[in-house]
Amino acid sequence: MFWQEDEDKTLPFIAPDDVLDVSFAMQAKRLPLDHAWLLSQALQQHLPWLIHEPLAGIHTIHVAESGNGWERPDDAQHQWLLPSKRTRLMLRIPKTRLETVRELTGKTLQLDDCRLQVGDMKTKPFTNAAVLFARYVVSSATESEPEFLQRMAQDIKQVADFKVKKMMCGKTYQLHTPAAPLVTRHLMIADLDNDASIRLQQYGLGGAHLMGCGLLLPHKSIKTLKPTE
C-alpha cells in the first residue's frame with residue numbers, strides 16, 4: 001500500500017481539451033450489470049475506428065445505486081441496471097473524433113436482448129483533480145495487492161513522469177468476455193499535480209480501455225476511504 005500523508009492542495013489550472021469525455025443522453029428499460037464487452041461490441045458496430053484509436057475508451061454505465069463504483073453488487077450474472085433519465089452513456093475520445101462520434105445520436109445499440117437508444121451529446125473536458133480513481137484496471141488472478149500497486153507505480157511514472165505518493169486498490173472484479181473473464185481491480189490515486197492528473201486521464205493505465213478499464217475519473221474526496229490492512 002502507498003500512503004504518505006501530505007497537506008491538502010488546490011490546483012488552479014486550465015486543462016487542455018485535446019482528449020475529452022463525451023456523454024450522451026440514453027434510454028433503456030434495463031441493461032446487464034456486466035455489460036462492458038457487450039457495450040464495446042455494440043459501439044464498434046457504429047464506430048469501427050474505435051479499435052484503432054489508442055486514446056479512445058468506453059465508460060461502463062453506472063446508475064445512482066452503484067455510487068462512485070467503489071462498491072459493486074456481487075452477482076453480476078443475475079442482476080440488472082435500471083437506468084433513469086439522468087443516466088449517461090460516456091466515451092473518452094480525442095477531440096479530432098468529436099464530430100464523428102456525434103453521429104451516434106439517434107442510433108440504437110443492442111446489448112443481448114436489451115436496447116439502448118442514444119440521445120443528444122454533451123462534451124466534458126478533463127479537470128485537474130488531485131484525486132483520480134478507476135473502477136477497473138486490468139490485473140490477474142495471481143497478482144497480489146502489493147504487486148499490483150508496484151506495477152501501477154511504474155506505469156504512472158512511465159505515462160505521467162510522476163512518482164506517486166498516495167495510492168490504494170480495492171478487491172478484484174471479473175468482467176465477462178467470450179474468451180475468458182477479465183480480472184480487474186479498483187484503483188485510487190491521490191495527491192497528483194496538474195500535469196500528472198491530466199496525462200493520466202488522457203492516456204489511462206493498462207489495457208482494455210474499450211471495456212472501461214484503466215479510465216481514470218476525478219474523485220471529490222478520499223477522507224471517508226480508509227486504506228486496507
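Which residues line the largest cavity? In this predicted model, the lining of the largest cavity is made up of H59, T60, A134, R135, Y136, G212, L215 and L217. Strand β9, spanning residues 132–138, gives the most to this lining, with three residues, and the lining as a whole divides into four nonpolar residues, three polar residues and one charged residue. The space within the largest cavity is about 50 Å³, and three cavities of 30 Å³ or more are counted in total.

The protein contains four helices and twelve strands, and buried residues account for 52% of its 229 residues. Of the contacts with a separation of 6 or more, 79% are made by residues 24 or more positions apart. The accessible surface amounts to about 12000 Å², with 51% of that area belonging to carbon and sulfur atoms.

Seven salt bridges are counted. One of them joins D21 and R92, whose closest N and O atoms lie 2.7 Å apart; this pair links distant parts of the chain, since D21 belongs to strand β2 (residues 19–27) and R92 to strand β6 (residues 88–94), 71 residues apart. Both D21 and R92 are buried. A salt bridge is also formed between the side chains of R97 and E53, at 3.4 Å from N to O. R97 lies in the loop between β6 and α2, and E53 in the loop between α1 and β4, so this pair ties together parts that are 44 residues apart in sequence. R97 is partly exposed at 25% relative accessibility, whereas E53, at 14%, counts as buried. In the salt bridge between K157 and D161, the closest N and O atoms are 3.1 Å apart; K157 is partly exposed, with a relative accessible area of 44%, while D161 is exposed, at 58%.

Notes: Residues are numbered from 1 along each chain as its sequence is written. This is a predicted model: local features need pLDDT of at least 70, side-chain atom pairs count only at pLDDT 80 or more; totals for chains, interfaces and linings use all residues. Side-chain values use heavy atoms; hydrogens and water are left out. On a 1 Å grid over the protein atoms alone, a cavity is a set of points where a 1.4 Å probe fits but cannot get out, and a pocket is an open set with protein on both sides within 12 Å along at least five of seven lines; lining residues have an atom within 4 Å of a point. Grid points are joined across faces, edges and corners, and a volume is the space filled by probe spheres set on the points. Helices (H or I, at least four residues) and strands (E, at least two) are DSSP runs, numbered from the N terminus. Ala, Val, Leu, Ile, Met, Phe, Trp, Tyr, Cys and Pro count as nonpolar, Asp, Glu, Lys and Arg as charged, and the others, Gly among them, as polar. Buried means under 20% relative accessible area, exposed over 50%, partly exposed in between (1.4 Å probe, protein chains only). Contact means heavy atoms within 4.5 Å. Accessible areas come from the Shrake-Rupley method with a 1.4 Å probe; for residues, only the protein chains shown count as cover. A salt bridge is a side-chain nitrogen of Lys or Arg within 4 Å of a carboxyl oxygen of Asp or Glu.
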